[in-house]
Amino acid sequence: MNMTTTLTPGQVRSRLHDLTVIDVRTPGEYASGHVPGAFNIPLDLIGHALTELGEVADRGGLLMVCASGARSDSACALLAEHGIPASTLVGGTSAWVNEGHELHHPDGPTRSTWAMERQVRLTAGSLVLAGLGLGLLHPAWHLLSAGVAGGLVFSALTDTCGMAALLAKLPHNRPRQADLDRTLAALRRD
């Protein structure tokens, strides 16, 4: 049984008051702007929130959101494996903004960082340039550039990104434990 549904930005906008929105992007991406009322639980921490998310789904609609829809699809698949129904926002926050809806920003001090896609572009481009530059010293270094190019092609074909998964583990992309605990406590009260 398919427990995942997709909602367009227009459908979400009309039902926003009935949905509990979970933004599965990194804390930095979340701080750069999120769907109004969204809670931030990064994709790699969804497994730690299954109890709370199950309770939220039992009370009403659960919507998973990311930048483009790929990470929220992964989150929905994980939730479905545990019998938790959830929806995903088609096109993510990018589609939300493209349809003219506003993004909210967290209150108080936040750690703002670049969007994951921008971090991947910088890292991939830097590695390619390094491989080309070092290739002037020894041709074997060109394999670094070729490896990055192959990884980018694989990423596009599979709609996954190993580089993003690695970058998400860097300290500036990780929530502090207190932030996750506070989010889970808010979900229990909500």
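The model is a predicted one, in which local features need pLDDT of at least 70 and side-chain atom pairs count only at pLDDT 80 or more, while totals for chains, interfaces and linings use all residues. I kept in mind that residues are numbered from 1 along each chain as its sequence is written, and that side-chain values use heavy atoms, with hydrogens and water left out.

At Met64 in β4, I noted Ile22 standing opposite and Thr88 as the bridge partner in β5. Strand β5 (residues 86-89) runs parallel to β4 and is joined to β4 by two bridges. Four of the five residues of β4 (residues 61-65) are buried, so I recorded the strand as largely enclosed by the rest of the structure; buried means under 20% relative accessible area and exposed over 50%, with a 1.4 Å probe and protein chains only.

I then turned to helix α7 (residues 142-158), which has 17 residues. Ser145, Val148 and Ser155 are buried in α7, and seen down the helix axis the buried residues fall within an arc of 85 degrees, so they line one face; the arc is that of the directions from the axis to the C-beta atoms. The face turned away from this buried side carries the exposed Leu143, Val153, Phe154 and Leu157. Just after α7, I found Asp159 with a positive phi of about 55 degrees.

How values were computed: The expected span of a helix is 1.5 Å times one less than its number of residues. Two strands pair if DSSP finds at least two bridges between them.
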